Amino acid sequence: MDPDLVLLLNGIVSGLLLGGLYAAAASGLAVSFGMLDIVNIAHPALMVMGAFTVVLIGTTLGLDPLLVAVLQAPLFYLLGIAIYGVYHHFFERRGEEALQGLAFFFGVMFIIEVGLVMGFGPEQRFLDPPYAFTTLRLGEIDLPLRMLAPALLALAALGLLYLYLRRSFTGLAIAAVAQDAEALRLMAVDPVRIKRLAFGISVALASIAGGALVVVQPVEPSSGQIFIGRVFAICIMGGMASLPGCLIAALLFGVVENVTATFYGPSWSPAVAFGWLLLVLAFRPQGLFGKAA
Amino acid sequence: MSATEDHVAGRPAIDRPAAALATASRVAPPPRHLLFWLAAAGLGAALVVGLRMIGNEYGYFAGYFILQYIVLASAWNILGGYAGYVNFGAAGFMAAGAYTAIALRKATGLDLLPGIVAAAAVAGLLGLGTGYLTLRLRGVFFSIATLCLAVVLQTLVVNWDYVGGSRGAYIVRPREVPPFVSYGEYMFVVMLVLAILAVGISRTVELTRLGRGLQAIRDNERAAEAMGVPTLRLKLIATTLCGALMGVAGAPLPYYSGYLNPEAAFSLAYAVNAIAMPLIGGAGSWLGPVIGAVLLGGLQQAATVTISSALNLWIVGWMLVIFVAVAPRGILGWFRKRT
């Protein structure tokens, strides 16, 4: 085969795998930002924090990073509930979420990032599982397990979340609170409780995304910054509250970014990603798959 | 902040901008512009004389640090405090100014003062562009776009070899600039003039129709629009002004430190300080960012010297979170009568 074509094919395939990681990172935001209308810009920072605790626990106990990520997810759920408690008490209840709430999450993001620098030092951390250096080959196409395993975990988490939101009563209530919190109150469901629960889930997803992140690449405390644009871009392109939209946008995003990196060098890929977000914001704010407002 | 902020969220929102306009014109004292400029000039002269009598280079260094944040925080306040649009990209605009100054010097050999003017123009255009692209959407999208703009600009600068790329750029500092005792004093005086201008501009904005229109936008944009406030035009003026002032804050940075790399220029610390200072001092008033910058800037200088630089940034983060939660009107809010 033509070497350029092989390069392109490989770029697309590993872009899809990378998109799996992005889907994990963005799905939590689709819940908090998309459904609950809470602009949690600290989400990527929470993900990086998850990655650091995965490294810490995984190295100490000799466990697989993806397994640790799933095991620590309940703790992140509790953390999410605590954060939402503070947010609701001080901002949402007073109706001051716009300016002060944004500043609050920005502060939380900054506290996490600087806290990680103080706790772990500014250098990169990594934890390679045993399968990190194995690569499956399908003809001309490489499927590195380092990318495949996190992508599969992300897909599984997304699938479970989708089923939960579609099938269970609380899941439906989460979808309902996004549309009309007052109506939910009339059905004898406490919207604040539902939002607390949903925000907890979104932070638990950040933990899983953190585990996936640390398998794919080494992490440093400032890794979250570049993810802010990515996850918000994916979330907005996917139409905010839609999980399938989020997944498709994430895969597309991964492919575009990876193909750019393959052909023009990795230092250009963030500009493409963020430039794309700016264009989407300017011309299709309802997302690629969303309906016009 | 005006009295309208005290309205409970459940109240009908339609009367709020009208009330804001009414209270603003009723409560605001007759603008004493001449007095303000004279007082500012007097205070500035006193600072210069005082620092020269102390005669310590570190005094100029710390003074520059705080003054630069007064410019940055006042710039943020024009858009964030008056209009309620949160700009996360302060570092991006500031670095745009800094790199404009570097590029101008490399291309034409022009010095700091033309660099500041060019930085204002470039960063102002950048602000206008960002505003034009995103201000038709909800405020949140503007905030996210500014955050992304900073990353896009950083990528561009890292890949732009002409200004040093990721290696950074050097500017050879002259040992002495004639009327001043040292280069440090020269930089301090330049920043002092810029800070007085920035505060004066933000005060003028606050006391004119522009500021009242922006406040009406903050309180209820739709109602403001319905009352005939030209919201998009006012917001575009505000983003341009805000971007230009942030660029101005950044332009002397390479001259001040002698070396600038993208990592330092785009540091998140600028963005977080630009938000924390007005909010802690009291957003929505020209004095708030000044109080916040003096307090937080002074605290950071003290903490950097005595403790560590990571810890002092951590303290800023915590202060931001605690203040927005417990004292949403900032320090000025404590002294204001609640109506």
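Helices and strands are taken here as DSSP runs, a helix having at least four residues and a strand at least two. The exercises below use this definition on a predicted model.

**Exercise 1.** Find how much of residues 197-219 of chain A is helix and how far apart the end C-alpha atoms are.

*Solution.* Begin with the record: an unreviewed UniProt entry lists residues 197-219 of chain A under "transmembrane region", and residues 147-165 are also among those listed. In the model, residues 197-219 of chain A are 87% helix and 0% strand, with the end C-alpha atoms 28 Å apart. Residues 147-165 of chain A, taken in turn, are 100% helix and 0% strand, and their end C-alpha atoms lie 27 Å apart.

**Exercise 2.** Determine how the axes of helices H3 and H10 of chain B are arranged.

*Solution.* First, the axes of H3(B), residues 57-83, and H10(B), residues 231-250, come within 8 Å and cross at roughly 170°. Because angles over 145 degrees count as roughly antiparallel, H3(B) is roughly antiparallel to H10(B). Next, the crossing in which H3(B) passes H10(B) is left-handed. Residues making the contact include Leu72(B) and Trp76(B) of H3(B), and Cys242(B) and Leu245(B) of H10(B). Sorted by class, this contact has 14 nonpolar, three polar and one charged residues.

**Exercise 3.** Describe the side of chain B that touches chain A, by element and by residue class.

*Solution.* Start from the count, in which 37 residues of chain B are in contact with 37 residues of chain A. On the side of chain B, the elements giving two or more residues are H5(B), H6(B), H13(B) and H15(B), and H6(B) supplies the largest share, 13 residues. Finally, the residues on this side of chain B divide into 29 nonpolar, eight polar and no charged.

Key: Residues numbered from 1 in each chain as written. Chains lettered and ligands numbered in written order. Predicted model: local features only at pLDDT ≥ 70, side-chain atom pairs only at ≥ 80, totals over all residues. Axes fitted to C-alpha atoms, helices over the stretch in contact; angles between N-to-C directions. Parallel < 35°, antiparallel > 145°, perpendicular 65-115°, else oblique. Left-handed = near helix turned anticlockwise from the far one by under 90°. Contact = placed C-beta atoms within 7 Å. Nonpolar A, V, L, I, M, F, W, Y, C, P; charged D, E, K, R; others polar. UniProt positions renumbered as here; feature names shortened; annotations may be inferred.
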